[in-house]
Amino acid sequence: MTADTAQVPVKSRTRKPWSPSQVVLTLIGVAVSAVFLAPLAWALFTSLKSETEAVEVPAHWLPEDWTGQAWKALFATGNITDWFVNSLVVSICVTVVVLLVSALAGYGFARTEFRGKAFLMGTVMAGLMVSPAVLGVPLFTTVQQMGMVDTYWGMILPQCAPAAMVYILYKFFQSIPKELEEAAFIDGAGRWRVFFTIIVPLSRPSLSAVGIFTFIASWNNFLWPYMVTNNPDLMTMPNGIATVMNSYGIQWAQLMAGGLMAGLPLIVVFVFFQRQIVSGVAHTGLAGQ
């Protein structure tokens, strides 16, 4: 056999057996996943039961008679499409405004010097210590005086005072080397051009994390939309689902179906943006807090 026709032996890859630590960690991960998935499974199975079976005692996991009656009733009488659209509009608008305001304010605090900077930064930090529930009455009074009750703007604008998000981006912008900006200034770039062409592209992980957290918080917000609107056509998903009841009390199968509908966008966000969430938390320094 010549050297040209000689066959080179190929080493077969053998899978190493799992170590005891890997087995233990895998079992722990499966157990934790089961704990987190159990409520979703319970809600799904309950939504596929009849209302009579949903309140039976003792409760059982799987339906005896599989039915989509709760889903049909929810779409027929619950205006759930309007609730979903309202939540989507409010959450997207809040996220866009918060990203814009937080990025500009955080960059201003991190890179510019102006009179009163320390006082304004202290005001932002003080905002981290005030519960949103405490501001409910003064915010409602202000919105009422501005004539924005029962409007989209009344639900959106009061959620756009992001003290925590400003602080997160402020700390991130401080970690960006100033030499990058100084080089751009030498080349003739202005402050706005530096911000949009250098700072924003470098801040994508942090901006993604801030946007995702803001969207989730706005989507789950129940108290403020409940306070500022009485119009059923403007209800968001959390408020609309709370009205799923009749003269006989809460309709549990419909409530579970509505809860799954409300949680669907959040599940999609976590499934498709896991990498951005982890990267954003790592870059913003939230992991050590």
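How do the residues of the lining of the second largest pocket divide into nonpolar, polar and charged? They divide into 5 nonpolar, 2 polar and no charged, where Ala, Val, Leu, Ile, Met, Phe, Trp, Tyr, Cys and Pro count as nonpolar, Asp, Glu, Lys and Arg as charged, and the others, Gly among them, as polar.

This is a predicted model, in which local features need pLDDT of at least 70 and side-chain atom pairs count only at pLDDT 80 or more, while totals for chains, interfaces and linings use all residues. Residues are numbered from 1 along each chain as its sequence is written, and side-chain values use heavy atoms, with hydrogens and water left out.

**Empty spaces**

Rolling a probe the size of a water molecule over the atoms shows where empty space is left. On a 1 Å grid over the protein atoms alone, a cavity is a set of points where a 1.4 Å probe fits but cannot get out, whereas a pocket is an open set with protein on both sides within 12 Å along at least five of seven lines, and lining residues have an atom within 4 Å of a point. Grid points are joined across faces, edges and corners, and a volume is the space filled by probe spheres set on the points.

| Space | Volume | Lining by class |
|---|---|---|
| Largest pocket | about 740 Å³ | 19 nonpolar, 6 polar, no charged |
| Second largest pocket | about 160 Å³ | 5 nonpolar, 2 polar, no charged |
| Largest cavity | about 30 Å³ | 3 nonpolar, 6 polar, no charged |

The second largest pocket is lined by Leu40, Gly263, Leu266, Ile267, Phe270, Val271 and Gln274, and the largest share of this lining, 5 residues, comes from helix α14 (residues 252-272). Helices here are DSSP runs (H or I, at least four residues), numbered from the N terminus.

For the largest pocket, with its volume of about 740 Å³, there are 25 lining residues, of which the closest to the centre are Pro132, Pro158, Gln159, Ala161 and Pro162. At least two residues of this lining are supplied by each of α4, α6 (136-145), α8, α11 and α12 (223-228), and α11 gives the most, with 4 residues.

The structure holds 1 cavity of 30 Å³ or more, and its lining consists of Ser87, Val90, Ser91, Gln159, Ser218, Trp219, Asn221, Pro225 and Thr236. Both α4 (80-111) and α11 (204-220) supply at least two residues of that lining, with the largest share, 3 residues, coming from α4.

**Helix packing**

Two packed helices are described by the angle between their axes and the distance between the axes. Axes are lines fitted to C-alpha atoms, for helices over the stretch in contact (heavy atoms within 4.5 Å), and angles run from 0 to 180 degrees between N-to-C directions.

Helix α10 (residues 191-202) packs against α11 at an angle of about 70°, with the axes 5 Å apart. Therefore α10 is roughly perpendicular to α11, a word used for 65 to 115 degrees, while angles under 35 count as roughly parallel, over 145 as roughly antiparallel and the rest as oblique. In this pair, Val200, Pro201 and Leu202 of α10 meet Arg204, Pro205 and Leu207 of α11, and the contact has 5 nonpolar, no polar and 1 charged residues.

Between α4 and helix α8 (residues 163-175) the angle is about 45°, and their axes lie 8 Å apart, which means that α4 is oblique to α8. The contact includes Val98, Ser102 and Tyr107 of α4 and Met165, Leu169 and Phe173 of α8; by class, it has 11 nonpolar, 3 polar and 1 charged residues.
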